Amino acid sequence: MLLVATRIRCSTFLSNGPGNPEDVQTVAELVKELKGKYPIFGICLGHQMISLAYGARIYKLKFGHRGGNHPVKNLQTGRIEITSQNHSYAVDGESLANTRLKVTHINLLDQTVEGAACEEDKVFGVQYHPESAPGPQDSGYLFDQFIKMMEGTKDGEKN
């Protein structure tokens with residue numbers, strides 16, 4: 001069977017990574033340039049980069065989040081997801097009030113921000129690792145959401 005692509009799917013995926021998000025301001029600047037042009041999905045450090053790009057602040061957690069059993073509440077659906085986490089920094093929830101990002105997920109252990117989104121710009125991110133699937137499929141919908149966003153985009157323009 002011959003499959004021919006008739007549309008170009010343009011998007012940006014920001015992966016996890018180690019270290020202080022303040023040390024990679026060039027990525028936050030890139031997100032500023034791309035937001036509203038392409039769908040963007042960020043995981044962990046990628047979520048922090050999105051938040052910085054929109055003007056939020058990041059702070060260092062006293063102990064960090066580590067392990068595979070962190071309960072996170074999806075504020076849009078009310079569902080609880082069991083997540084895998086490995087980070088030392090978090091988005092300051094109060095600083096999101098002055099941005100176009102809306103909190104989408106919270107950590108039920110300490111109420112830290114676990115997700116944020118700007119629907120208008122087709123941008124969202126989560127602090128945890130949905131690719132780790134500790135739930136084991138609790139967070140798979142995030143990748144489906146990103147694919148749907150890409151399907152509505154052609155050549156870098158919103159449809």
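Predicted model: local features only at pLDDT ≥ 70, side-chain atom pairs only at ≥ 80, totals over all residues.
View A. Seen here is an open sheet built from 7 strands, with mixed pairing. Reading across, the order goes β1-β2-β7-β6-β5-β3-β4.

**View B. Zooming in on β5 and β6.** Strand β5 covers residues 102–107 and strand β6 covers residues 113–118; the two run antiparallel and are joined by 4 bridges. For a landmark, look for Ile 106, which stands opposite Val 113 in β6.

**View C. Helix α3 over the strands.** Helix α3, made up of residues 141–151, lies across β1, β2 (40–43), β3 (58–74), β4, β5 and β7 (123–126). Relative to β7, helix α3 runs at about 165°.

**View D. Where α1 meets α2.** A packed helix pair is described by the angle between the two axes and the distance between them. Here, the axes of α1 (residues 25–34) and α2 (residues 45–53) come within 8 Å and cross at roughly 65°. The crossing of α1 past α2 is right-handed. On the α1 side, the contact is made by Gln 25, Val 27, Ala 28, Val 31 and Lys 32; α2 brings in Met 49, Ile 50, Leu 52 and Ala 53. Sorted by type, the residues of this α1–α2 contact come out as 7 nonpolar, 1 polar and 1 charged.

Key
Residues numbered from 1 in each chain as written. Heavy atoms only, no water. Pairing = 2+ DSSP bridges. Contact = heavy atoms within 4.5 Å. Axes fitted to C-alpha atoms, helices over the stretch in contact; angles between N-to-C directions. Left-handed = near helix turned anticlockwise from the far one by under 90°. Nonpolar A, V, L, I, M, F, W, Y, C, P; charged D, E, K, R; others polar.
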